[in-house]
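Good morning, colleagues. I would like to take you briefly through the model now coming up on the screen.

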Amino acid sequence: MGAGRRMMEYTKEYTPFFSLLRSGLWEKDLIDLSPFPISQEEWLEVYTRSCRQTVQGIVYRGLSYLPSQLLPPEELLVRWMVESVRLEENNKRTNKEIMALYTFFVSNGVHPILKKGQAAAALYEVPSLRVCGDIDLYFRTKEEYKCANLLIARQGIEIHRRADGSYDYNWHGIEVEHHATLVDLRNPFLSAYLKKLLQGNDFDENYFSESRSSKNDENRSSKINESSLYKIEVPSASITLLMFNAHIMKHALLSGIGLRQLCDMARAYYRFSGLYQGEELRLIYQKTGMMKWSRLLHSFLTEYLGLEKKYLPYEQDTVPAEKLLEAILRGGNFGQHAGDYNRKERGYFSKKNYMIKSIYRNRRISLDCALFEAFCWTAELICGQIHES
Amino acid sequence: MKINENFKLRIIKDHYFIVDSTQKEENMVDVYKLNEAAAWFWSTLSGKEFTATMLAECLCDRYGIAYERALADVETMLEDWLKWGLAEE
């Protein structure tokens with residue numbers, strides 16, 4: 001089947017899924033109910049796709065905006081409700097462990113910055129329904145980074161070096177990653193610029209709550225009851241946007257990307273609107289060689305996720321975003337649903353083989369949008385894997 | 001008496017369920033279907049102590065039904081809740 005025809009099929013097949021996703025993402029009524037009703041089998045497909053893209057909690061919120069007679073069969077609805085409770089419990093547990101980890105580091109004189117993950121959850125109307133992944137921590141200096149790795153090892157916890165130079169370990173059943181870089185860009189000519197950029201940016205305190213935040217909460221923290229919260233440092237609005245964008249680009253070029261990360265980006269643009277200078281971010285994207293990629297990303301966010309154009313950092317022409325959609329639907333959560341992905345596989349050759357296949361699969365995006373960055377990442381990962389082996 | 005806070009209420013339109021949040025196995029989770037009145041009780045009683053007579057009075061106020069009938073309905077409901085571990089003394 002040709003790419004154009006395949007995309008038309010995708011678009012038609014995925015219409016109910018995207019309608020519910022947009023509705024849950026923005027907590028708004030569905031604009032068009034014409035794709036409904038759908039059959040029992042189609043409902044099961046919507047559920048399976050939601051789980052595959054790790055957006056089942058957002059789509060679950062979308063169900064509340066459907067008229068009663070268009071809801072899924074009760075058996076599936078109950079399954080979704082059970083899943084929503086499981087997500088809430090996981091978020092509660094992850095937030096508790098972030099706090100424990102943060103307290104542990106601070107008491108030892110190390111101050112981590114929370115990257116992505118639960119910091120992204122705080123951008124949603126219902127943070128507890130975002131699927132939580134790993135805990136990603138960034139350390140501002142090499143000394144703090146080394147010290148943090150050492151502190152964990154001294155606890156008797158096995159800590160592994162990854163191909164990209166970061167470290168991971170299991171903390172009370174949750175995967176934690178330590179990063180020495182905040183922004184996932186590997187062009188060596190940018191390192192001085194990024195260093196300067198980060199030095200000039202403050203970090204904010206973010207708040208986490210197990211309960212639902214106010215629907216009209218423009219500020220991330222001010223309207224939430226502080227007694228149920230704890231605080232941890234996160235990057236400022238413009239750096240968070242750069243960090244999310246670069247992270248999505250990295251995965252789109254390499255292992256593959258899932259819809260949850262795109263939803264995070266859309267929510268971040270929406271929630272940070274007015275908290276940063278759009279023109280400043282445009283210049284950052286320009287200097288970091290991300291303009292072409294960002295145009296594709298922004299087109300996807302507005303066309304498929306329903307982000308209003310006024311929330312984008314700057315005006316731009318829309319481009320067809322089908323190639324990004326295709327990569328997302330093919331790979332799912334960080335490419336984990338691409339046919340040959342095996343997370344448990346840690347062998348040198350199988351990892352390398354998977355990575356090369358994955359980069360080849362995503363070549364349409366690399367060639368069009370960020371060839372040099374894709375080259376730098378590939379080189380770094382190959383070197384990292386040689387080091388690992 | 002108070003409700004068991006491990007059970008979480010889920011409402012979508014006119015579907016009301018409570019789900020046990022303590023069970024780990026996805027396919028082995030206790031789920032109970034509630035009617036609209038029971039779901040209303042559940043959401044308003046969270047974290048509070050209550051008695052059958054208090055609930056019967058609330059039911060009379062909300063639905064305008066006779067006290068005796070409300071009390072009988074509430075007692076039957078609470079008996080079930082206690083039996084299934086949804087509420088505790």
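Chain B contains three helices and five strands; helices (H or I, at least four residues) and strands (E, at least two) are DSSP runs, numbered from the N terminus. Their order along the sequence of chain B is β-β-β-β-α-α-α-β. The radius of gyration of chain B is 13 Å, close to the 12 Å that the globule rule gives for 89 residues, so chain B is as compact as a globular protein of that length. That radius is taken over C-alpha atoms, and the rule is 2.2 Å times the number of residues to the power 0.38.

On conventions, this is a predicted model, in which local features need pLDDT of at least 70 and side-chain atom pairs count only at pLDDT 80 or more, while totals for chains, interfaces and linings use all residues. Residues are numbered from 1 along each chain as its sequence is written, with chains lettered from A and ligands numbered from 1 in the order in which they are written.

The C-alpha trace of chain B spans about 45 × 30 × 20 Å along its principal axes.

I turn now to the interface. Here, 12 residues of chain A are in contact with 12 residues of chain B, contact meaning that the C-beta atoms of two residues, placed from the backbone, lie within 7 Å. On the chain A side, helix α5 (residues 74-107) supplies the largest share, eight residues. By class, this side of chain A comprises seven nonpolar, three polar and two charged residues. Ala, Val, Leu, Ile, Met, Phe, Trp, Tyr, Cys and Pro count as nonpolar, Asp, Glu, Lys and Arg as charged, and the others, Gly among them, as polar.
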